[in-house]
Every structure is written in structure tokens, then in C-alpha cells.
Amino acid sequence: MEMIKTENLSFEYEKRDEEGNVIGTHMAVDGVELSIEPGQFIAILGHNGSGKSTLAKHMNAILVPTGGTMWVAGKDTKQDENLLDIRQSAGMVFQNPDNQIIGTVVEEDVGFGPENIGVPTEEIWRRVEESLNAVGMIEYRHHSPNKLSGGQKQRVAIAGVVAMRPKCIVLDEPTAMLDPNGRKEVLKTVKKLHEKEKVTAILITHYMEEVIDADTVIVMDHGKIVMQGTPREIFSRVEELKEYRLDVPQVTMLAYELRKRGLNIPNGILRKEELVKILCQ
């Protein structure tokens, strides 16, 4: 059974003027067909307004389709009776960790979700410890979240989701508000959870370097999926990505420019080490 599956998924919202009058509609997601297997690491790219965050919110039933269907772990998100199961199956991590952290002490914040769904106290503390260990934040368990860096806060937010024991974690631009070090911390945490905990990871981002380890990269534009493939396949199509107003990793662009100047360099270089090895041959 797929972790996430859509069939002709669409989402249309009303556009309103300053007085609140409806002045039109906008199709944010348009006929998306998607199938994500358990344990995959999926990255979804797209410029602002491409529909990627709207799609992400359907995976946790924050939004429900205005057309078509979204299934999460086999549950139809339009069915109200499925809501709790869906939100336990797919946890969401948002851009700003301050909007997700509510506890005054790290361990209390991480334990809030399990407590809310009636997990026994002893099991809550076991989950708190396991989750903080998983994201490398166990030594901060007694700290105030307000004293943490942006990257550390986001790792605590991820731990809070992990403590709910979801089968899937959907990360909606989780590094957008972080500095480069914070982005590295969070991405390392996501990779570790995917590899060691076998959690299905769905990363929504506009940082190209963050997706090179994904199993599959999906590119969205105007609410549609316009490209899909491995990172190497996607980043081999530099000109097409430019048409969708997207960049490629810096090393990929350097290799692309060198190839244009006649050097024998393959398409889709993803890492500096790859390019150095080829240039030294």
C-alpha cells in the first residue's frame, strides 16, 4: 500500500478583495497524480506559488481536495472519521519552528503530542528520550526552547513530530528561515530519520542542494507536476529547470558551463567530489 497516493487531486480557493468579496478563484493544485511508497525520500521543488506547499498540506489533511482524492496510508482525507489516523500517520513540520513549539522546556514540548492522544506517561517519556536522541538534541532536554538557535528549534519541532510515531514526515520548507549551519543541521536530521528509522520523508524546499540525496525529485509549476525523476535525471535538464524559474546546485551549473565549453563532462553532476575526480582524470 502506498504511503501517499493521489488521483486527479485538485484544490481551488476563492480570491477576495479587501472587503472580503469573492472576485475569482485560483487553482493551486491542478490534477496531480502522485504515488509515494513507504520508506521513500521524496523532494518537491517549485518556485513560490507553484502549489508545492498546498500539496503538502493535503498530506496531513490540513486541506482537503476540492477535486479528486488524496489517500494517506490508505485513508481518504475527505472522510472526517479518518482525520486522527491520517494525522498520526503523517506528521507536519513547518517553516517557522516558533509556530510549532509550545512548551517552556524542550522535553515537555516533545511530549505534548503523545500526551494529547492519550499515550501512557511512562511511554511518553520513553518516546521523548528516543525522539530527542534521534535528532541529536537529548542534551538540551531540560533547556528552554527560547534559548536555542533556529536550527536547534527546528530539530526540537521534528522531535515533537517523531514522538507521535508517524509513518511519514512532511517537511514544508523547514530550512527557509535558517542560516546555512541551521539548514545543514536540519537536513542531516531528516536524512538520519529516513535512513535509520525508515520514516517516509517528504521534503518541500527551494534549496537545490537539499535534494541531491532524495530517491525522487518532483518539480511543480502552476499547480501541476511538470518533472519527476532521480536527482541526477532532474538536474541533467538545466535549461528546462530554468524555464520553471529554478536553479540547480552550484557544482551542477559549473559542470554544465564547462561542458558547454567543450569539456567531456557527463550530465547531472551533483557533488564537488564527482567533478573534481572527472577533472583530474
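How many cavities of 30 Å³ or more are there? The count comes to one, where a cavity is a set of points on a 1 Å grid over the protein atoms alone at which a 1.4 Å probe fits but cannot get out. The largest cavity holds about 50 Å³ of space, a volume being the space filled by probe spheres set on the points, joined across faces, edges and corners. This is a predicted model, in which local features need pLDDT of at least 70 and side-chain atom pairs 80 or more, while totals for chains, interfaces and linings use all residues. Residues are numbered from 1 along each chain, and side-chain values use heavy atoms, without hydrogens or water.

Select Ile158, Ile169, Leu171, Val190, Leu193, His194, Val199 and Ala201 to see the lining of the largest cavity (residues with an atom within 4 Å of a point). β7 and α6 each give two or more residues to it, and α6 has the largest share, three residues.

Next, select α6, residues 180-196 (helices are DSSP runs of H or I, at least four residues, and strands are runs of E, at least two, numbered from the N terminus). Color Gly182, Val186, Leu187, Thr189, Val190, Leu193 and His194, which are buried (under 20% relative accessible area with a 1.4 Å probe, protein chains only; exposed is over 50%). Looking down the axis of α6, you will find its buried residues within an arc of 155°, so they line one face. Turn to the other side for Asn181, Lys184, Lys188, Glu195 and Lys196, which are exposed.

Last stop: Lys198 follows α6, with a positive phi near 60°.

Note on methods: The expected span of a helix is 1.5 Å times one less than its number of residues. The arc is that of the directions from the helix axis to the C-beta atoms. On a 1 Å grid over the protein atoms alone, a cavity is a set of points where a 1.4 Å probe fits but cannot get out, and a pocket is an open set with protein on both sides within 12 Å along at least five of seven lines; lining residues have an atom within 4 Å of a point.
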